[in-house]
Amino acid sequence: MSTTQEKLANELKDHERGAYFRRLSAFDWIWALACIGGGLSAYLLYGEYMAYYEEIILALTVAWLIPQGWHWKAARPFTLIVGALSVLAVSIYPDLGAAQESFLLNYLLSSQSAIMWMCVFFLGATVLYFADLVLSGGDRDAFLGKVATAFTWLGSGAGLLGLLVRWWETHLHGPGMGYFPVSNLYEVFVLLAFTTALIYLYYEGRFRTRALGGFVMLVVSASIGFLLWYHFGQEARHIEPLIPALQSWWMKVHVPTNFVAYGAFGVAAMVGVAYLVRARSHPESKAAQRLPSFDQMDDLMYKCIALGFAFFTIATILGALWAAEAWGGYWSWDPKETWSLIVWLNYAAWLHMRFTKGWRGTPMAWWSILGLLVTTFCFLGVNIFLSGLHSYGGL
Amino acid sequence: MSSESPAAARQTPRKGRTTSAILIEFLGSMNLAITLLVALGIGSIIGTVLVQERTWSEHMIDFGPFWFEVFRRLGLYDVYSASWYLAILTFLVISTSVCMYRYTPTVLKEMTRYRDHYQATSLRALSNQREWTMGLVPEQAREATQQTFRNKGFRFRDKSRKNGQVLYAGMKGRSNRLGYIFTHAAIVVICVGGLIDGDLLLKWNEWRGNLQVETRDDIPVSQIDDSRKLPVRPGSFRGTTNIPEGRAANVTFLPLRDGYVVQELPFTILVEDFRIQHYPDGQPRSYESDLRIIDQEYDKEFTQTIRVNEPLTYRGHSIYQASFGDGGSNLDLRIWPLRGGTEGVEQLEAKVFSQAEVNIGGQRYTLSIEDFELANVRPDELMEGGTRHRNVGPTFNYSMRMRDGRVLEFENYMLPIRIDGRDYYLSGVRPSPDQPFRYLHIPAGPDRSLDRFMTFLDNLRQTEPRREAARSAARYVLLELGMVEDQEQARQLSGQMALSAEQMIQQLLQEGFEAVSEGVEARVQAGANDPEQQALLRDFSHMLLERTLTNAYHNAVAEEAGVQSVSDMGGLTEDDRLFYEEALAALSALPGYTSPIFLELTGFEQVQSTGLMIARAPGAGIVYFGSAMLVLGLFLMFYVPHRRLWALVEQDESAGRTRILLAGVGQRDPKAFGKEFERVAQELDLRLRLAESKGGEEVKT
């Protein structure tokens with residue numbers, strides 16, 4: 001064969017079926033090994049305490065993490081660093097008293113400190129993103145923007161670390177008192193904050209624009225604000241053991257999927273806000289020039305709502321399956337369940353309008369914001385204003 | 001949904017449309033669906049705001065007679081079973097089914113049609129297209145094209161045309177169309193399953209009047225008329241049954257309208273044990289029941305433990321641990337009289353949910369024991385140990401009819417409760433369930449018992465000790481105020497005064513300090529006109545009362561220590577003095593407490609009752625299947641785009657050359673499809689060039 005043929009044949013290899021795996025870097029394989037290693041260690045150390053379904057959840061988590069890291073390259077160092085830090089924190093945390101005695105724990109790694117750092121980073125990121133939008137003159141590689149993105153990563157890491165260390169802390173409270181830390185409003189607000197931020201960071205990378213950062217971080221900052229009020233005003237950060245109804249492996253799947261959905265809806269709504277800002281600005285103004293195009297924002301709104309809707313459907317179904325084991329039936333027309341249905345119908349309608357009638361643009365942006373309000377009522381309003389079986393997350 | 005116009009759906013021309021065609025178009029229209037969904041949404045929201053599953057009497061209290069009736073007729077107390085709500089749901093199912101009936105043929109065609117009729121001009125009009133003219137024979141180009149299509153996962157058909165053209169029509173991701181079918185079919189399946197579990201048969205029977213509702217509580221099942229009972233049947237239901245430990249039940253109670261009906265079960269549930277496990281800080285950790293299922297029909301028996309999140313399922317029935325309560329515990333009570341001159345303390349054994357008769361001062365009282373709770377976890381403000389809750393011990397509740405006809409409810413704590421460093425026996429009293437309890441605080445003595453207070457109270461209630469205390473007080477006051485000169489005179493005059501003191505004490509016990517003060521004031525005003533005289537009288541009366549009380553207390557303390565007087569034990573301690581203050585406060589509260597007795601719980605034998613929810617949902621499997629279909633359908637619709645590729649291969653005019661035209665269209669997300677098309681074009685390009693260079697070699701050799 002001539003060299004031309006060799007060259008062509010070589011390039012063709014890139015198109016073959018297994019080419020995806022050949023394109024993976026060494027770090028990708030290290031990542032896969034680290035995930036499997038982490039999962040195996042967890043299983044070996046704690047497998048005897050895990051119910052059958054929890055072992056399945058562990059396996060599925062590893063199976064999901066590996067391709068997620070291959071697909072979204074930034075997730076790999078993020079997860080590895082947070083994982084390493086949490087292992088470090090656990091290793092220097094023999095009892096609850098250590099939280100005050102050890103410098104590292106007291107100022108960085110204990111769940112309280114980590115969550116406080118998360119608040120700082122996210123609030124800072126909000127300011128920095130807007131500053132970048134206003135001051136950087138549309139430069140995509142501006143320093144302000146890079147710092148904003150870095151802050152968002154740091155905040156997400158701190159939040160995830162905070163919950164992981166809190167998981168350890170619940171076990172320190174006493175034998176059999178540990179639980180997966182998504183059981184009350186305090187813990188899920190932390191989850192909501194960094195889940196929304198991570199979903200935003202994914203799309204920031206895909207769409208290669210930081211212009212929407214400030215808008216999305218607004219809803220994250222609102223969560224932070226509520227979290228801080230709840231922390232200082234209501235002394236909510238204390239760890240209370242789980243009531244019997246929440247002691248189930250279902251919590252590990254139902255709650256996180258719900259919050260992926262809430263985060264996605266939050267991002268979609270804030271992109272809607274940005275859309276309206278641009279729509280109301282003069283086409284020559286800075287806002288119009290620096291914000292992404294209408295098509296891009298519309299596309300991003302759709303993608304987020306689709307993601308949120310898919311996960312919301314899964315989460316509601318998981319909730320119904322859990323209810324069938326805990327409450328006496330998969331559907332009790334409990335206010336939380338009913339409002340979940342309302343949220344679901346709302347976004348189903350949004351998607352129908354987009355697919356079948358081809359609606360786009362400003363009305364969909366408004367609807368996306370309205371959707372967040374409905375979702376917020378389902379998430380918080382029901383707990384605050386209405387009674388029902390779902391009062392675990394009450395104020 | 002495809003982006004095709006509705007014209008692709010079944011539709012007959014406007015003129016001469018049959019009724020059924022119009023009906024189908026209406027039922028399957030998006031506008032109807034949206035209207036129904038909005039109505040469903042509003043109805044559902046009403047059901048969340050207007051609390052469901054409350055008794056009609058509670059609603060009557062909330063809304064008053066007029067609005068209660070309005071809401072009742074609208075069916076708002078049971079919204080999700082209201083006929084209009086079910087009608088909306090049924091219409092939605094019909095609407096979705098009709099929509100599917102209209103669009104599924106189109107969708108299926110989309111999946112199976114390769115669209116192999118396109119001409120070059122139409123293909124060139126697409127935004128994703130690329131052309132090559134290569135030095136190949138058509139055979140080689142076709143080979144390369146097929147390999148590319150196959151490698152990239154596109155299924156294709158080839159069509160040869162008369163002019164020697166070959167068109168390859170390929171597509172990928174057609175399961176996207178299945179997504180549409182799955183998601184909409186799933187809605188229908190889920191609603192059908194849900195309607196099955198909505199127990200329509202029961203509602204039909206109720207609407208027809210075949211079903212009566214029992215409204216009396218607390219009567220044995222054997223006394224309930226058969227018209228209010230449902231036999232074992234295949235329908236769905238959700239009922240509750242409370243079974244005390246050691247007892248069994250083979251029925252469950254379904255709430256209906258303003259009462260309930262009895263649903264029979266095909267087996268018997270025997271409760272062997274119920275227990276609550278606690279965390280180290282006293283909060284409940286797990287509620288567990290050991291149940292024995294006895295099935296006489298299939299001659300089967302087995303035991304299983306259920307807890308929250310771990311129900312038992314047998315013969316389609318699921319048994320859940322839902323609640324718990326008292327199952328008729330045995331209580332040992334001590335009856336302390338608070339009034340009158342009765343001596344002695346009576347013991348009483350009573351069972352929860354039963355009544356006991358007591359005889360107090362010649363009057364018969366009926367006690368109705370209502371509840372017993374073993375553990376009461378109350379918030380504790382101590383932060384040092386990190387615990388925020390503490391178990392303060394058992395409580396029991398009872399009600400009693402007073403002499404004035406009122407029935408009062410009481411809640412007594414068995415053990416003394418520490419408040420601000422001091423221990424008190426608490427007894428709460430309230431006139432009706434919607435009022436909060438108000439608590440009587442009886443100070444606990446140094447041995448943490450009621451003895452000291454009750455002895456003190458005895459010394460005031462009973463004639464002899466009271467007289468003695470009063471006389472001694474009168475003598476003391478006379479001497480203190482210098483109204484007499486020696487003991488002898490004091491003794492002579494003390495009789496009358498002692499009587500006055502006794503009357504004040506009795507008034508204190510019956511009416512409280514306020515009333516005594518007012519009485520004193522009245523007598524002072526009547527007895528003297530001069531302010532100086534009045535002051536003297538007033539001081540005298542108060543001193544007399546106070547001294548009598550103190551004497552009674554000192555006597556109680558001395559009696560407790562087994563000595564004659566407190567001076568024998570070296571006087572009173574600070575603690576004793578604090579106790580005295582608290583005891584006076586309690587005494588003053590006794591009239592408001594109303595009850596002539598104080599019940600102390602001295603022992604108990606707890607019998608618990610487990611609250612089970614028993615449910616049957618034959619439609620559950622259908623709903624779960626529909627849910628799985630829904631999730632699968634959604635992921636197919638969102639993440640498996642349907643794309644098409646065409647490749648037109650034809651011989652060029654000049655010999656030995658072939659033209660290849662590649663074009664494609666993606667269902668959505670043009671950017672992502674653009675990238676994919678680029679990759680396909682790259683691969684085809686490489687294959688064509690490889691084939692061309694190989695062919696060139698062949699020519700050379």
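This passage describes the interface of chain B and chain A and a nonpolar surface patch on chain A. The model is predicted, with local features requiring pLDDT of at least 70 and side-chain atom pairs pLDDT 80 or more, while totals for chains, interfaces and linings use all residues. Residues are numbered from 1 along each chain as its sequence is written, chains are lettered from A in the order in which they are written, and side-chain values use heavy atoms, without hydrogens and water.

In the interface, 61 residues of chain A are in contact with 68 residues of chain B (heavy atoms within 4.5 Å). About 5,300 Å² is buried between the two chains, 62% of it from carbon and sulfur atoms; buried area is the accessible area (1.4 Å probe) lost on putting two parts together, summed over both. Of the area that chain B buries against chain A, 13% is supplied by B:Asn309, B:Phe638 and B:Leu686, more than by any other three residues.

One salt bridge is found across the interface (a side-chain nitrogen of Lys or Arg within 4 Å of a carboxyl oxygen of Asp or Glu). The side chains of A:Asp14 and B:Arg679 meet in a salt bridge at 3.8 Å, N to O.

On the surface of chain A, a nonpolar patch includes A:Ile81, A:Leu88, A:Phe103 and A:Trp117, and its residues together have about 830 Å² of accessible area. Patch residues have over 30% relative accessible area and no salt bridge, and nonpolar side chains are joined within 5 Å; accessible areas follow the Shrake-Rupley method with a 1.4 Å probe. A:Leu88 lies in helix α5 of chain A, whereas α7(A) gives the largest share of the patch, four residues.

Notes
Patches are made of residues with over 30% relative accessible area and no salt bridge: like charges are joined within 9 Å, nonpolar side chains (Val, Leu, Ile, Met, Phe, Trp, Tyr) within 5 Å. Helices (H or I, at least four residues) and strands (E, at least two) are DSSP runs, numbered from the N terminus.
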